[in-house]
Amino acid sequence: MDAMLHAAEAALRSSPSPALALSQLVAEVHAVTGRGAPDAMELLEALRRHPERFKILDPGRGPWRFLARGSTSTTDEPWVVSLGDPEAPSEGHLADRLERRLRESIRRVAVELDEDSPREVFRWRAMALAGASLARLLRGKAA
C-alpha cells in the first residue's frame, strides 16, 4: 500500500501538472510500480486516507453526481493533487524555474479552494490543464 502511495507521489512530481485525473494516475502508478494497475476505487480510498499528502478534487461531488454515471470523461472524475513539499528552487534554466513556480501556484490554489464548489473545482481544473500545456512547452524550450 505504501509503495502505491509513493508511486502516486512520484507520478505527480514527474507530471507537467501538479495534479492528474484519477484514471491517468492509476496508469502512472502501474507504470512506476510495474505491478498490475490498482483498481481506481482502491487507489482513491488509499489516497483519501492520507489527506496530509493528497487532496482529491471531485467536480461531480454533490447531489448531481448521478447525472454523470456511466461517463468516462476526465471532466467527471476526481483529480488528485500532491500536497508534498515542492522541489527546492535551484539555479537551473529560466524555463525550469518558471515551470516549478507555475506548478506550485496551481498546487497552492488547489489547497485553498472550496472543494465542495463544482465551479471552483472546474475553474481550477481549467487552470491546471492550461498550466500543464505551458509546462510541456517550457520543457520543449529548455531541451
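Predicted model: local features only at pLDDT ≥ 70, side-chain atom pairs only at ≥ 80, totals over all residues.
Angles under 35 degrees count as roughly parallel, over 145 as roughly antiparallel, 65 to 115 as roughly perpendicular and the rest as oblique. Residues are numbered from 1 along each chain as its sequence is written, and side-chain values use heavy atoms, with hydrogens and water left out.

## Overall layout

The protein chain has 5 helices and 3 strands. Here helices (H or I, at least four residues) and strands (E, at least two) are DSSP runs, numbered from the N terminus. Read from the N terminus on, the order of elements is α-β-α-α-β-β-α-α. The chain has 143 residues, and 38% of them count as buried. Buried means under 20% relative accessible area, exposed means over 50%, and partly exposed lies in between (1.4 Å probe, protein chains only). Contact means heavy atoms within 4.5 Å. Among contacts between residues at least 6 apart in sequence, 65% join residues at least 24 apart.

## Helix packing

Two packed helices are described by the angle between their axes and the distance between the axes. Axes are lines fitted to C-alpha atoms, for helices over the stretch in contact, and angles run from 0 to 180 degrees between N-to-C directions. Two pairs are listed here.

| Helix pair | Angle between axes | Axis distance |
|---|---|---|
| Helix 1 (residues 2-14) and helix 3 (residues 40-48) | about 85° | 10 Å |
| Helix 2 and helix 3 | roughly 95° | within 10 Å |

Helix 1 and helix 3 are therefore roughly perpendicular. On the helix 1 side, their contact is made by Met4, Leu5 and Ala8, and on the helix 3 side by Glu42, Leu43, Ala46 and Leu47. Sorted by class, this contact has 6 nonpolar, no polar and 1 charged residues. For this sorting, Ala, Val, Leu, Ile, Met, Phe, Trp, Tyr, Cys and Pro count as nonpolar, Asp, Glu, Lys and Arg as charged, and the others, Gly among them, as polar.

Helix 2 and helix 3 are therefore also roughly perpendicular to each other. Leu22, Leu25, Val26 and Val29 of helix 2 meet Ala40, Met41, Leu43, Leu44 and Leu47 of helix 3. By class, this contact has 9 nonpolar, no polar and no charged residues.

## The nonpolar core

In soluble globular proteins, nonpolar side chains tend to be buried together. A nonpolar core is a set of buried Ala, Val, Leu, Ile, Met, Phe, Trp, Tyr and Cys residues joined through side-chain atoms within 4.5 Å. The largest such core in this model has 18 residues, and those that touch the most other members are Leu25, Val29, Leu43, Leu47, Phe54 and Val80. Helix 1, helix 2 (22-33), helix 3 and strand 2 (54-57) each give two or more residues to this core. Helix 1 provides the largest share, 6 residues.

Which residues does Leu25 contact, leaving aside its neighbours within four places in sequence? They are Ala8, Ala11, Leu12, Leu20, Leu43, Leu47 and Val80.

Leu43 lies in helix 3. With 0% relative accessibility, Leu43 counts as buried. Not counting residues up to four places away in sequence, Leu43 touches Met4, Leu22, Leu25, Val26, Val29 and Pro38. Leu43 and Met4 are 39 residues apart along the chain, and their C-alpha atoms are separated by 7.8 Å.

The 3 strands form an open sheet in the order 1-3-2, with antiparallel pairing. Strand 1 and strand 2 are the edge strands, each pairing on one side only. From one strand to the next, the twist averages 25°. Two strands pair if DSSP finds at least two bridges between them.

Strand 1 (residues 19-21) is joined to strand 3 over 3 bridges. In this pairing, the partner of Ala19 is Val81, and the partner of Leu20 is Val80. Strand 2 and strand 3 pair over 4 bridges. Here Phe54 stands opposite Ser82, and Leu57 stands opposite Trp79.

Which way do the residues of strand 3 (residues 79-82) point? Trp79 and Val81 point one way and Val80 and Ser82 the other way, and all are buried. In strand 2, Phe54 and Ile56 point one way and Lys55 and Leu57 the other way, and all are buried. Helix 4 (residues 94-112) lies across strand 2 and strand 3, and runs at about 70° to strand 2.
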